[in-house]
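Here are a few exercises to work through with the model open in your viewer. Try each one before reading its solution.

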Amino acid sequence: MARALLGVSLEKNIFFFQLTTSIVYLTGAVLIGSSVAEMFIRDKFGQSAMGKLVIAELAIPHPLLILIGCCSSTIGAGMQSLTGAPRLLQAISADDVIPFLRPFQKTDKRGEPIRAIFLTLCICWLGILIAVIENITALITQFFLMCYLGVNAACALQSLLKAPGWRPSFRYFHWSLSTLGAFLCIAVMFISAWYFALVAIFIGAAVYKYIEYAGAEKEWGDGLKGLALSAARFALLNVDSRGIMHTRNWRPQILVLYPSKKMEQLYSNLENTRKGLLAFVAQLKAGKGLTLIAECIEGQFAQISKSDICTIKEELQDAVKESRIRGFCDVW
């Protein structure tokens with residue numbers, strides 16, 4: 001009972017904080033925009049205001065108050081990033097998802113990620129040495145939006161796939177909200193700076209392909225593969241075998257019994273027979289329809305080792321791939 005009441009109060013507090021911050025930000029934008037001329041709003045770099053902050057000039061009792069607040073907020077955000085980013089980098093390295101980050105797994109006796117901290121400092125120094133922050137803020141914004149895009153897309157995919165391990169405790173969560181958030185992130189990325197958006201998407205895709213190529217030791221499941229399986233399941237369940245199928249929708253469904261190597265006494269040249277059978281199937285179906293290829297092994301099931309079955313299956317898959325047949329194959 002207490003846990004249920006705590007959950008309800010947390011949900012109400014989250015809604016209250018979100019609503020409050022949204023009202024404050026929107027009200028500030030409307031009031032500041034209504035207090036200045038149109039040329040100040042259109043001026044991106046503040047040249048018409050002689051490089052001064054408009055909100056500081058409107059502040060009461062003195063413009064210095066806003067400057068001190070901005071400076072304090074910047075220092076606080078920088079310190080937060082400087083302390084949080086190394087631990088996030090060390091956590092990603094400890095998960096062993098990205099192989100080239102393995103050197104940053106180590107920590108000192110107090111559990112501090114020293115190597116990750118030094119790497120973060122070097123990245124910060126490079127940003128400071130550029131001297132013109134406006135040249136990199138757009139790219140940094142793109143990476144933040146990419147992060148939010150990934151979180152929203154992951155939540156939407158987990159909900160659509162109905163993953164057993166995905167049980168959001170937030171009562172008002174719905175996958176459509178996450179999908180809307182993902183599309184809004186993409187829209188803001190291209191509206192703010194489309195060229196930096198393309199760079200950020202390219203870097204994200206390169207990291208994804210690197211992880212896929214290098215092969216992470218820990219596997220939590222691929223959302224795209226799960227989406228493909230769900231789409232295949234949905235398509236199969238919607239195929240009504242009781243209805244009348246039109247001739248244009250008909251596709252050949254072929255079951256191929258692939259001869260095993262133990263059947264050499266039945267064929268004078270077993271290897272050519274196997275290749276010829278796959279070549280005939282490839283020409284017969286012309287890349288359409290469904291093909292099931294099975295290699296049956298004669299003998300006692302308990303006497304056949306799992307490694308032998310895996311080896312035979314790999315050889316069968318290589319032969320099917322060489323014949324350019326798109327289908328399913330297995331060893332029975």
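**Exercise 1.** Which residues lie nearest the centre of the second largest pocket, and how many residues line the pocket?

Some ground rules: this is a predicted model, where local features need pLDDT of at least 70, side-chain atom pairs count only at pLDDT 80 or more, and totals for chains, interfaces and linings use all residues. Numbering starts from 1 along each chain as its sequence is written, and side-chain values use heavy atoms, with hydrogens and water left out.

*Solution.* 
- Step 1: the lining has 20 residues, and Tyr-258, Lys-261, Arg-274, Glu-295 and Glu-315 sit nearest the centre.
- Step 2: two or more lining residues come from each of α9 (270-285) and α10 (306-322), with α10 giving the largest share, seven.
- Step 3: sort them by type and you get 10 charged, eight nonpolar and two polar.

**Exercise 2.** Work out how strands β1, β2 and β3 pair.

*Solution.* 
- Step 1: β1 (residues 253-258) runs parallel to β2 (residues 290-295), joined by six bridges; pairing takes at least two DSSP bridges.
- Step 2: Ile-254 faces Thr-291 of β2 across this pairing.
- Step 3: β2 also pairs in the parallel sense with β3 (residues 328-331), over four bridges, and Glu-295 has Val-331 as its bridge partner in β3.

Definitions and conventions: On a 1 Å grid over the protein atoms alone, a cavity is a set of points where a 1.4 Å probe fits but cannot get out, and a pocket is an open set with protein on both sides within 12 Å along at least five of seven lines; lining residues have an atom within 4 Å of a point. Ala, Val, Leu, Ile, Met, Phe, Trp, Tyr, Cys and Pro count as nonpolar, Asp, Glu, Lys and Arg as charged, and the others, Gly among them, as polar.
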